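Biologist: Can you walk me through the side-chain contacts in this one? I'll ask as we go.

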Amino acid sequence: MDGVNETYSRGRRLVVERPLLVVVGLFAALLVVDFLNRLLLGNLRVSDVGSLVWSGLMRGLIIGLAGIGLSMTYSILNFANFSHGDYITSGAFTGWSVTYLVAGFGKSGLAGLLLVGAGGTVYASDLNITIATTTIAVLAGLVLAGLGTIVLALFIDRVVYKPMRDSGGIALLITSIGVAFMLRYLIVFVFSTANRGTTASQEIPTWSLLLWDGTVPVTAHDLTLLVSTVGLMLGVHLLLQRTKLGKAMRAMADNEDLAQITGIPTERVIRWTWIIGGGLTGIAGYLMVLWTGTIDFQFGWLLLLPIFAAVILGGIGSIYGAILGGLVIGLTWDLAIIWIPGEFGRAAAFAMMILILLFKPQGLFAGRTTA
């Protein structure tokens, strides 16, 4: 009897002190019951859920990879870089120019290839671009997307951000918005505003994984994305934990003044921050285009808000938080389709971010650190 009274008292105290938590908990329970009910009644197939999870995983890995660069910039340079989304677009166009050039060399005009088929000069289907049919072209594009973005990031830092290093985070943030617009209109000037396909979608090797009551389609481009992103994330982890550079980056993220006093070459750490962050960002942009099969001048800008959401959700400044936050955002985006129309998936991802931050305001990793 005493146990029942104690449980009742705890429940009553929870309702009074944290009513929002109770409402969210009840809502989550309703979603779970509805989900199970649909599965049992056959209104929702396990294989459909598997397809959504796989798609959300792919989206989350891209957001997480791109979020690492944004998180590193914030933790070490102390400003939110709003030009990050246009670094993604710039890297993607650089990489796909190389892919088109290698895949279409001798088959079409040089200008059309370098401009990724702007103006309908070259079509991806004519070049038959896939990871299976033009492997070297895709891998070359992937590498050059990273290298191109590194050069761009270092150049902009040298010309724009470095002279303003002591101006404070707000000034740098506003400047980064200007850099974003400058890059975007430069991309429009060179590559046009047209949205075009980049891969021969019908030629992409696809496998069907058997899952209970159906199959989950997995393409060769999905696997390329999976291997590339996981490999790069593992590389970042090893760099941070096993190298002097990684330890210096962590020390500078925790306390820049103390890092300077102890003799850490802060300017060199900043340079490597742009190199690592820029490289990952460019590759993320290239992989996003490989996965979706389309490219346009503003896809990086549109991806920026989900990336910010992932970084904030994971705990701004935490690289592991950015990865986990990206996965949460990606999975929520796709799984929300079970209950709401697909065009609201992005809104559901942001709603999830808000809900988690209501109960864990510092983010999932709750620390302003790269470790």
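Biologist: Aspartate 34: how exposed is it?
Modeller: Partly exposed. This is a predicted model, and in it aspartate 34 has a relative accessible area of 26%.

Biologist: Which residue forms a salt bridge with aspartate 34?
Modeller: Arginine 38. The closest N and O atoms are 3.0 Å apart.

Biologist: And where do arginine 38 and aspartate 34 sit in the fold?
Modeller: In helix α2, residues 19–41. They are four residues apart, so about one helical turn separates them. Arginine 38 is partly exposed too, at 25% relative accessibility.

Biologist: How many salt bridges does a search of the whole structure find?
Modeller: Six. One of them joins arginine 45 to aspartate 48, with the closest N and O atoms 3.5 Å apart.

Biologist: Is arginine 45 buried, partly exposed or exposed?
Modeller: Partly exposed, with a relative accessible area of 41%.

Biologist: What about aspartate 334, which arginine does it bridge to?
Modeller: Arginine 59. The closest N and O atoms there are 2.8 Å apart. Aspartate 334 lies in helix α14 (residues 319–335) and arginine 59 in helix α3 (residues 46–77), so the pair ties together parts 275 residues apart in sequence.

Biologist: Are those two buried or exposed?
Modeller: Both aspartate 334 and arginine 59 are buried.

Biologist: Which residues do salt bridges with shared partners join into a network?
Modeller: Asp157, Arg165 and Glu267. They form one network.

Biologist: Back to arginine 59. What is its relative accessible area?
Modeller: It is 16%. The cut-off for buried is under 20%, so arginine 59 counts as buried.

Biologist: What is arginine 59 in contact with, leaving aside its neighbours within four places in sequence?
Modeller: Trp291, Gly330, Trp333 and Asp334. Arginine 59 also lies over the face of tryptophan 333, at 4.5 Å from the ring centre.

Biologist: Which ring does the charged end of arginine 184 sit over?
Modeller: The ring of tryptophan 301. The distance to the ring centre is 4.2 Å.

Biologist: Switching to aromatics. How many aromatic pairs does a search of the whole structure find?
Modeller: Nine. Among them is phenylalanine 93 with phenylalanine 191, which is stacked. The rings are 4.3 Å centre to centre, with 25° between the planes.

Biologist: Where do phenylalanine 93 and phenylalanine 191 lie?
Modeller: Phenylalanine 93 is in helix α4 (residues 84–104) and phenylalanine 191 in helix α8 (residues 169–191). So the pair ties together parts that are 98 residues apart in sequence. Phenylalanine 93 is buried at 1% relative accessible area. Phenylalanine 191 is buried at 12%.

Biologist: What's the geometry between tryptophan 96 and tyrosine 286?
Modeller: Stacked, at 4.6 Å centre to centre and 10° between the planes. Tryptophan 96 lies in helix α4 and tyrosine 286 in helix α12 (residues 266–292), so this pair ties together parts that are 190 residues apart in sequence.

Biologist: And how buried is each ring? Start with tryptophan 96.
Modeller: Tryptophan 96 has a relative accessible area of 0%. Tyrosine 286 is also at 0%.

Biologist: Which residues do ring pairs link into a cluster?
Modeller: Phe79, Tyr87, Tyr161 and Trp274.

Biologist: Now the core. How many residues does the largest nonpolar core have?
Modeller: It has 87 residues. Those with the most contacts inside it are Ile68, Trp96, Tyr100 and Ile329.

Biologist: What does isoleucine 329 contact, sequence neighbours within four places aside?
Modeller: Ile63, Pro306, Ala309, Ala310, Leu313, Ala349 and Met353.

Biologist: Zooming out, what does the secondary structure come to?
Modeller: 15 helices and four strands. The radius of gyration is 23 Å, close to the 21 Å that the globule rule gives for 371 residues, so the protein is as compact as a globular protein of that length.

Biologist: What box do the C-alpha atoms fill?
Modeller: Roughly 85 × 60 × 35 Å, taken along the principal axes.

Biologist: What share of the residues is buried?
Modeller: 46% of the 371 residues.

Biologist: And of the contacts between residues at least 6 apart in sequence, what share joins residues at least 24 apart?
Modeller: 75%.

How values were computed. Residues numbered from 1 in each chain as written. Predicted model: local features only at pLDDT ≥ 70, side-chain atom pairs only at ≥ 80, totals over all residues. Heavy atoms only, no water. Phe/Tyr/Trp six-rings, centres within 6.5 Å; stacked < 30°, edge-to-face > 60°. Helix = DSSP H or I, 4+ residues; strand = E, 2+ residues; numbered from the N terminus. Buried < 20%, exposed > 50% of the residue type's maximum accessible area, 1.4 Å probe, protein only. Lys NZ or Arg CZ within 6 Å of the ring centre and 35° of its normal. Salt bridge = Lys/Arg side-chain N within 4 Å of Asp/Glu carboxyl O. Core = buried A, V, L, I, M, F, W, Y, C linked by side-chain atoms within 4.5 Å. Contact = heavy atoms within 4.5 Å. Rg over C-alpha atoms; globule rule 2.2 N^0.38 Å.
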